[in-house]
Amino acid sequence: MTKPVASTVPFPTSSSAHDPIPLIDLKPQYQSIKQEIDEAVQRVFENQTFVLGDEVSKFESEIASYCDSREAIGCASGTDALILALQALNIGPGDEVITSPFTFFATASSIERVGAKPVFVDVEENGFNINPQAISAAVTSRTKAIMPVHIFGQCAKMEEINRIATKHNLAVIEDAAQAIGSEYRGRRTGVLGTIGCFSFFPTKNLGGAGDGGMITTDDAQLATRLKRLRVHGDAGRYQHIDLGMNSRLDSLQAAVLSVKLRYLDSWTEGRQRNASWYQELFDREQLGSVIQLPKTLPDRRHVYNQYCVRVHDGLRDEVLNSLREQQIGCAVYYPQPLHLQPCFAHHGYKEGQFPISEQLSRDIMALPIFAELNLGQLERVVSGVGKAVRSAQSKSSSISKAA
Ligand SMILES: *Cc1c(COP(=O)(O)O)cnc(C)c1O
């Protein structure tokens with residue numbers, strides 16, 4: 001955290017009052033650092049080393065120092081990071097891993113993929129992260145690990161989660177795919193559990209030019225195993241100790257990400273500034289209790305990979321439609337909690353089992369938050385939401401009168 005923070009924010013966007021506002025636009029970010037990125041790409045082509053190599057080792061040590069972890073191991077995606085972490089911990093058939101149903105699919109699919117069972121427990125209203133009390137209640141003799149997700153960029157209750165893990169001798173795998181740089185009590189994601197898993201999918205806060213992932217840990221033995229697992233379990237000279245996979249980080253991704261890492265904190269500050277502008281602008285818009293803004297919980301550094309508001313009174317879908325008509329970016333993360341996904345049906349989870357996650361999937365709506373947005377655009381988003389809410393309210397009151 002001693003590294004100088006390069007700054008590109010605020011980026012002067014030239015938008016007029018009628019341009020669409022996308023949920024995310026990666027172009028201004030690229031424009032602001034184009035020369036450095038282009039040079040990095042060029043360098044990789046000159047070297048013709050495309051898989052692992054010096055670019056990757058250098059980037060791995062930069063991530064280790066950014067997260068304050070002893071080890072960092074690059075791999076092909078955030079999904080693979082989770083799978084490799086589970087494999088390194090010997091988690092497989094007959095084992096259970098406790099996780100959240102209110103997350104991206106890959107959190108639970110990685111558990112299923114290694115042959116273990118994802119055991120879902122509900123999240124908390126405050127922050128949308130896994131509920132530690134519910135974790136305690138779900139521990140069985142088959143439980144091997146807890147996989148908390150730092151959803152939308154804000155940390156789960158790691159102290160309580162680690163206490164439960166210690167009590168029952170469980171590993172903690174952080175799904176930090178949305179949360180690079182996020183902090184809990186001054187410590188960064190990646191070192192808050194046994195293993196941390198990151199994604200460099202282009203729309204994550206640190207996004208590459210394609211897929212990429214990273215695993216962090218303080219445990220040297222686990223790191224050795226992870227490095228082996230990503231290259232077919234090869235311990236050297238074609239001695240395959242483990243049944244690993246092919247999941248390596250490309251040099252091209254490492255070179256690009258290494259440039260972008262220098263700007264990550266300034267982009268995070270841009271996201272945080274936008275969140276505080278939203279707070280002010282929504283206060284002024286006076287939408288009462290219909291729109292509930294996300295909150296930063298105590299002891300956290302929220303990095304806002306997504307800015308998700310809740311739309312109450314069953315108005316969410318009407319509001320979404322209206323925003324789309326107004327060409328204001330919005331999306332639903334996530335429209336269906338994972339316990340109700342068809343591919344997990346064989347576990348027998350039922351609708352109604354995790355009421356908070358289910359309600360969130362009906363209420364939640366993401367608004368644009370990327371760093372390069374300007375105040376004028378945020379004002380248009382908020383007045384657009386105001387317009388959408390008022391029109392949805394008048395429709396629903398005329399329906400209820402007719403009924
Ligand atoms: C993006 C994401 C992943 C998967 O990362 P990929 O790099 O796309 O494989 C896993 N978990 C969460 C919570 C994510 O948001």
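The model is predicted: local features need pLDDT of at least 70, side-chain atom pairs count only at pLDDT 80 or more, and totals for chains, interfaces and linings use all residues. Residues are numbered from 1 along each chain as its sequence is written, and side-chain values use heavy atoms, with hydrogens and water left out.

Gly92 is classed as buried because its relative accessible area is 9%, where buried means under 20%, exposed over 50%, and partly exposed in between (1.4 Å probe, protein chains only). Residues up to four places away in sequence aside, Gly92 touches Val114, Gly115 and Ala116; contact means heavy atoms within 4.5 Å.

Seven strands form an open sheet with mixed pairing, in the order β1-β9-β8-β5-β4-β2-β3. Two strands are taken to pair if DSSP finds at least two bridges between them. At the edges are β1 (71-75) and β3 (117-120), each of which pairs on one side only. From one strand to the next, the twist averages 25°; axes are lines fitted to C-alpha atoms, for helices over the stretch in contact, and angles run from 0 to 180 degrees between N-to-C directions.

Strands β8 (residues 195-199) and β9 (residues 213-217) are antiparallel and are joined over five bridges. In this pair, Gly196 is opposite Thr216 of β9.

## Helices packed on the sheet

Helix α5 (residues 105-113) packs on the sheet and touches β2 (96-99), β3, β4 (143-147) and β5 (171-175). The direction of α5 makes about 140° with that of β3. Helix α8 (residues 220-229) also packs on the sheet, with β1, β8 and β9 as the strands touched. Its direction makes about 15° with that of β1.

## The ligand site

Around the ligand there are 14 residues, of which Gly78, Thr79, Asp175, Ser199 and Lys204 come nearest; a residue counts as near if one of its heavy atoms lies within 4 Å.

Polar contacts are pairs of N or O atoms within 3.5 Å. A polar side-chain atom of Thr79 is 2.5 Å from a ligand oxygen atom, and an N or O atom in the side chain of Ser199 is 2.6 Å from an oxygen atom of the ligand. For Asp175, a polar side-chain atom lies 2.7 Å from a nitrogen atom of the ligand. The protein buries 93% of the 380 Å² that the ligand exposes when taken alone, with accessible areas from the Shrake-Rupley method and a 1.4 Å probe.

Terms used: Helix = DSSP H or I, 4+ residues; strand = E, 2+ residues; numbered from the N terminus. Polar contact = N/O pair within 3.5 Å; in protein donor to acceptor, adjacent residues only side chain to side chain.
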